[in-house]
Amino acid sequence: MAVLQAMDTVGLPADGRLLQLNSYENRVFQVGLDDGRFGVVKFYRPLRWTDAQILEEHGFAAELVADEIPVMAPWTLSAAPGHDVHVHGQPTTLADASIQAEASTDGDKLSHAHRFRFSVTPRRAGRAPELEDPATLEWIGRFLGRLHRVGARSAFAHRVHLTPATLGWHSRDWLLAHGDLPPDAATGWATAAQEALQQVDDAFDRVQPQALRLHGDCHAGNLLWTPDGPHFVDLDDAMMGPAIQDIWMLLSGEPDAARQQLRCLLRGYEDFHDFHDAELALIEPLRTLRLIHHSAWLAKRWQDPAFPIAFPWFGGASYWAQQTTQLREQIAAMAGRG
């Protein structure tokens, strides 16, 4: 009921068709509307983003759509008559029956169901892209080149800036202070993380990458393929960072296969935006940052009941031993010994 009530308060009355979609970070639902359309409503995890950061994401999406780049931009919302109620109390879950929307919206695309911020985008169906197909990779590369051409026009003022500090050192420090690493695994992991992050620092210092607005989490799961080509469905991790961040996660397989994939992506990319080859030296450092940041993300979300169910292998001595091994492999890869 809480989701349907929230939709009603922003002028998008629902017909009762409701499907929860796969999302660990936020709570996302496909909702059937009275007019026959489907919307996707995203309730943002409390305290993760500020309103200003969310509105920058929405503004970036709108700017991309204006340039005919296929992303799912939020709909404009309006407070429906009869729903200007301010709710007392602090609900802690979306199941709280008292959840209702406040009268105002921020930027017309972000509304509040009391303490929960939410936005609504159109549903877009599609399938996973065939990343083994060179033509598909070139098409995705052209798409990313167009996206980055828009991203380079200005900078985010409020969203995350991808640096070794923000994704790496801060994550490491938080894990050592709050991550409850098993004592027999903590020293080895901390030593490996220290050495790995020093190499990441050195790589960023050598390359001095230019930051632009990015998708930020560009992997195959965030791309859908339609008869019209690729499109993104989620800019939740949009950030400032080097262009290679939106490219390297699309690479997979043995080194020779990954190099061929990279050539195809860049062939399409450079039809629309220049790529600085020096950034190729950041692929392994960025992989290292993601490895450490992902452990911190899991640890910070562990009190969410969905996480122990979805990630039962996290947190034990074997997990941290595996992470230490992977960091050692990254140290070798960044030193050119991989």
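Modeller: Before any residue is discussed, buried here means under 20% relative accessible area, exposed means over 50%, and partly exposed lies in between, all with a 1.4 Å probe and protein chains only. This is a predicted model, in which local features need pLDDT of at least 70 and side-chain atom pairs count only at pLDDT 80 or more, while totals for chains, interfaces and linings use all residues. Residues are numbered from 1 along each chain as its sequence is written, and side-chain values use heavy atoms, with hydrogens and water left out.

Colleague: OK, cysteines to start with. Is Cys218 buried or exposed?

Modeller: Cys218 has a relative accessible area of 0%, so this residue is buried. Cys264 is likewise assigned as buried, because its relative accessible area is 1%.

Colleague: And how many disulfides does the structure hold?

Modeller: The structure holds 0 disulfides, where a disulfide is a pair of cysteine sulfur atoms within 2.5 Å.

Colleague: Switching to rings, how many aromatic pairs do you get?

Modeller: The count comes to 18 aromatic pairs, taking rings of Phe, Tyr and Trp (its six-membered ring) with centres within 6.5 Å, and calling planes under 30 degrees apart stacked, over 60 edge-to-face and the rest tilted. One of the pairs is Phe43 with Phe118, whose ring centres are 5.3 Å apart and whose planes meet at 35 degrees, so this pair is tilted.

Colleague: Where do Phe43 and Phe118 sit in the chain?

Modeller: Phe43 is in strand 3 (residues 38–43) and Phe118 is in strand 5 (residues 116–122), so to speak of the pair is to speak of a link between distant parts of the chain, 75 residues apart. Helices (H or I, at least four residues) and strands (E, at least two) are DSSP runs, numbered from the N terminus.

Colleague: What about Phe314 and Tyr319, which geometry do they have?

Modeller: Phe314 and Tyr319 form an edge-to-face pair, with 4.8 Å from centre to centre and 65 degrees between the planes. Phe314 is buried at a relative accessible area of 10%, and Tyr319 is buried at 4%.

Colleague: Which residues are in the cluster with them?

Modeller: Ring pairs link Phe314 and Tyr319 into a cluster with Tyr24, Trp189, Trp297, Trp302, Phe307, Phe311, Trp313 and Trp320.

Colleague: Which ring does the charged end of Arg123 sit over?

Modeller: The charged end of Arg123 sits over the ring of Phe38, at 4.1 Å from its centre, and that of Arg159 sits over the ring of Trp49, at 4.2 Å. The rule asks for NZ of Lys or CZ of Arg within 6 Å of the ring centre and within 35 degrees of the ring normal.

Colleague: Last one, where does Leu291 lie?

Modeller: Leu291 lies in helix 7, and this residue counts as buried because its relative accessibility is 16%. Leu291 and Leu327 are 36 residues apart in sequence, with 8.0 Å between them in space, C-alpha to C-alpha.
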